[in-house]
Amino acid sequence: MLQNDMVESSPLRDPHINFAYLDERTKRMIRRAILKAVAIPGYQVPFGSREMPLPYGWGTGGIQVTASIIGESDVLKVIDQGSDDTVNAVNIRRFFQRTTGVEVTTDTTAASIIQTRHRIPETPLREGQVIVYQVPVPEPMQRLEPREEETRKLHALQEYGLMHVNLFEDLAHYGHISSTYDYPVLVNGRYIMSPSPIPKFDNPKMHLNPALQLFGAGREKRIYAVPPYTTVESLGFDDHPFEVQSWQSACELCGSNESFLDEVIMDDQGKKMFVCSDSDYCSKRQEKP
Amino acid sequence: MMDFDTKPPLMRVHGLSCAYGSRTVVRDISFDLWPGEVLAIVGESGSGKTTLLNAVAARHTPSAGQVSFDLRDHGLQEIYGMSEAQRRMLARTDWGFVHQNAADGLRMNVSAGANVSERLMALGQRHYGQLRAQAIDWLERVEISPSRIDDRPNTFSGGMRQRLQIARNLITQPRLVFMDEPTSGLDVSVQAKLLDMMRTLTRQMNLAAIIVTHDLAVARLLAQRMMVMQNGEAVETGLTDQLLDDPQHPYTQLLVSSVLQP
């Protein structure tokens, strides 16, 4: 039975569109891809990506994953660069409100599904939550090996020398590993995976995370996953290990020393301030006495 | 010299044929290659030299025949009977492949140092300092200034690129190198320098090589043994000096007499 036959939920819900926009067969196809992705952590599963009412680059992969797993009892949070109220987040949240009528929230702890672009929330995720990443470039070796037939073979045979060529180049030219986002990781000791353009500050949060992590790339037509409590190891050299960035100052709004900070330019005189990129985390800390 | 009775050859090629569709371009080639030996395959364009080289280097599946290689711990093994993973492993550890056009064998958009140490990283070396030290050592051995280690190969001259390609292949201490016209496209003085360097390296490392060339001088300088090909068949095989000074087959005679004397 189609789900929209029994819907009588939110007044925001548009009754002329199937639940979560995609038709039921498409959702089933995407769910099959997701199941396969969960079974082989870090492996990129091809899927029949659909045309969405948003352009590529706006998170069509993540939207399709969310649309396939969302149910009426879910609570959705959407963030873009850590914030709940930037354009991309507002648009996607409104899209799901209109097509599903589910409850939406900005509270990380209250959400059952979190769709994200560029960040993992500062508040630790828990079991039962799902975080959906929007991925522009799923193939971590694409820059050095543009042939997809070849990269697939490299994954299959676990020939990952290329990834270190990339890091070697950074060290040769800058003396340190200059990649600060989309920093490649080894999942479950087997597949090298691109974690989407999250800052490398967030990489350690993926390791043994209790939540299910799903990745969708709409244009590239790939889905991959990190199941709960899976090892995720950032690459590095023995004498130049992986490290995350740090800041001189604390957040000027909530005083946190542990969060990822955005540099905000205040005027044309060069005045600037550092604030948390995770707006929910920052505002909750400000509310507390 | 070598004890030919007890030791197996490094590579044994038996009855090798290659076809593109219904057209056979390499017909029934057999030879043994011994450790440290340099074999030159000469012949005119279209005689099947490069196809033969690709077939013995596991880059083009032959239509008939066997190619066996002496693995360090398993003895002679048929290379097309191995799994693809084993074959690729062999190709980047115990073998090297030097392309005619250096851009085909190098990563032009990463530094010389990364090019040279890529094979070591593929083998799991993860210490940047040590990787770099080995890269510098090899750049010196192929006479490239270590100050160029962070430069990209597209800033290098043709001769330097070719030497860099050789360093990139030899860093894992292979036992066999395949070379496809390694000196064509270089001017004569650069050719001479490269040949001199290759001769030194093959001697030092007891490195066997199969060199495809149309230049008889390259064969004379580097190779102990030579195979002359015409229309996909080996028309004459023998010691290089013997073959060049006293050619028996009419085609070899033609080839030797066609060389211009300055």
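Guide: Gladly! Two strands pair if DSSP finds at least two bridges between them. Strands (E, at least two residues) and helices (H or I, at least four residues) are DSSP runs, numbered from the N terminus. The model is predicted: local features need pLDDT of at least 70, side-chain atom pairs count only at pLDDT 80 or more, and totals for chains, interfaces and linings use all residues. Residues are numbered from 1 along each chain as its sequence is written, while chains are lettered from A and ligands numbered from 1 in the order in which they are written.

Visitor: Which residue of β8(A) does Tyr133(A) stand opposite?

Guide: Tyr133(A) faces Phe215(A) there. Strand β5 of chain A pairs with β8(A) (residues 212-217) in the parallel sense, over five bridges. With strand β4 of chain A (residues 113-117), β5(A) also runs parallel, joined by four bridges. In that pairing, Gln115(A) is opposite Val132(A).

Visitor: Why is β5(A) largely enclosed by the rest of the structure?

Guide: A residue is buried if 20 or more other C-beta atoms, placed from the backbone, lie within 10 Å of its own. Strand β5(A) (residues 130-134) is largely enclosed because five of its five residues are buried.

Visitor: And which residues lie on each face of β5(A)?

Guide: In a regular strand, side chains alternate between the two faces of the sheet. Here Val130(A), Val132(A) and Gln134(A) are on one side, with Ile131(A) and Tyr133(A) on the other.

Technical notes
A residue is buried if 20 or more other C-beta atoms lie within 10 Å of its own, exposed if 12 or fewer, and partly exposed in between; C-beta atoms are placed from the backbone.
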